[in-house]
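Visitor: I would like to understand where the words used for a protein model come from. Could you take me through them slowly?

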Amino acid sequence: MRSRAVLAYALGLVLLLTGCGDPARNPSQAGGPSPAAAAPPVSKPTPSPRPTRTSTPKPPLRPLPSTLPVGLDRSSGDRSVALTFDDGPDPRWTPQLLDQLRAAHVTATFCLIGRQVQRHPELVARIVREGHQLCNHSWRHDLNLGRRPVADIRADLLRTNRAIHAAVPNAKVSWFRQPGGRWTPEEVEVARQLGMRSLHWSVDPRDWDKPTSQTITTRVEHAVKPGAVVLMHDGGGDRRPTLTACRHLIPDLKRRYGISRLH
Ligand SMILES: [Zn+2]
């Protein structure tokens, strides 16, 4: 009995000494074990990446790397140019763009937003029917997706692919493109695990930034090289300047370089 009492006293002393030093590390802080669990190391709670709490604070965003991660596709894979169109499908612009591509007998890659896919599955069906390639562009164009927990990234990419497959069963989604090009290595890895390559670009005329069609054309013509991947948009805003620019760019790039699928 006596030795137990001494032990209890000693334990209490240890608790006092270790537990009070830093008020900021008190139980209300996220994740850590409660002070009671700190006494005898008998049954430590298994560390859980997502502790169950009634009001879960959002996990902090992972920092955005200062340089692009390795593993991004930035060229078409041969001498010809690849055209990629983001942020659709959009009923105002996508059909007009598809008409232009069909008239020129070329195909492009469409980077689709899951929510848009859910609203306009018939446009996805047409894109696939006319031989274009598909790219997952996240569910809701989340610019910070790559900075979120890996499980969240995976869920977003899967949800988007499920919407695409609801529109076109068995459609092949070979690429993923992070909105805004704000990539993280974790995201590239998740895309890889889900069977998608990470598609960046080499020519960005910034057609989302309200330039004239002439500016879009000039920017592409100045920057394009053999094997370029050109980024433009068929959704997310008024795309008339892009469509007007494409009326020149598509035949011109086809003549100078060829326009081909990504590979
Ligand atoms: Zn986008």
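**Strands, helices and their labels**

Guide: Let us begin with two neighbours in this predicted model: strand E5, residues 173-176, and strand E6, residues 197-199, run parallel and are joined by two bridges. Within this pair, Trp175 stands opposite Arg197 in E6.

Visitor: What makes E5 and E6 a pair?

Guide: Pairing asks for at least two bridges between the strands, and E5 and E6 have two bridges, so they count as a pair. In general, strands of a sheet pair through backbone hydrogen bonds.

Visitor: How many bridges does strand E4 make with E5, and how many with strand E3?

Guide: E4 and E5 pair in the parallel sense over three bridges, with Leu134 opposite Val173 in E5. Strand E3, residues 109-112, pairs with E4 over four bridges, again in the parallel sense, and there Leu112 stands opposite Asn136 in E4.

Visitor: What order do the strands of the sheet follow, and which are called edge strands?

Guide: The sheet is open and has seven strands, in the order E1-E6-E5-E4-E3-E2-E7, with parallel pairing. Strand E1 (72-73) and strand E7 (229-233) are the edge strands, as each pairs on one side only.

Visitor: How do you know that both faces of E4 are covered?

Guide: Gln133 and Cys135 lie on one side of E4, residues 133-136, while Leu134 and Asn136 lie on the other, and all of them are buried. To be called buried, a residue needs 20 or more other C-beta atoms within 10 Å of its own. Buried residues make up 35% of the 263 residues in the protein.

Visitor: Which residues of helix H2 are buried, and why are they said to be on the same side?

Guide: In H2, which spans residues 94-104, the buried residues include Thr94, Leu97, Leu98 and Leu101. They cover an arc of only 100 degrees around the axis, and therefore they are on the same side of H2. As a general point, an α-helix has 3.6 residues a turn, so residues three or four places apart point the same way. On the other side of H2, Asp99 and Ala103 are exposed.

Visitor: What covers the buried residues of H2?

Guide: The cover includes strand E2 (82-88), helix H4 (121-129) and helix H8 (240-256).

Visitor: Why is H2 called roughly parallel to H8?

Guide: Their axes come within 10 Å and cross at roughly 20 degrees. Angles under 35 degrees count as roughly parallel, so H2 is roughly parallel to H8. The contact is made by Gln96, Leu97, Gln100, Leu101 and Ala104 of H2 and, in H8, by residues including Leu243, Cys246 and Ile250. The crossing of H2 and H8 is right-handed.

How values were computed:
Residues numbered from 1 in each chain as written. Predicted model: local features only at pLDDT ≥ 70, side-chain atom pairs only at ≥ 80, totals over all residues. Buried ≥ 20, exposed ≤ 12 C-beta atoms within 10 Å, placed from the backbone. Arc of directions from axis to C-beta. Contact = placed C-beta atoms within 7 Å. Axes fitted to C-alpha atoms, helices over the stretch in contact; angles between N-to-C directions. Parallel < 35°, antiparallel > 145°, perpendicular 65-115°, else oblique. Left-handed = near helix turned anticlockwise from the far one by under 90°.
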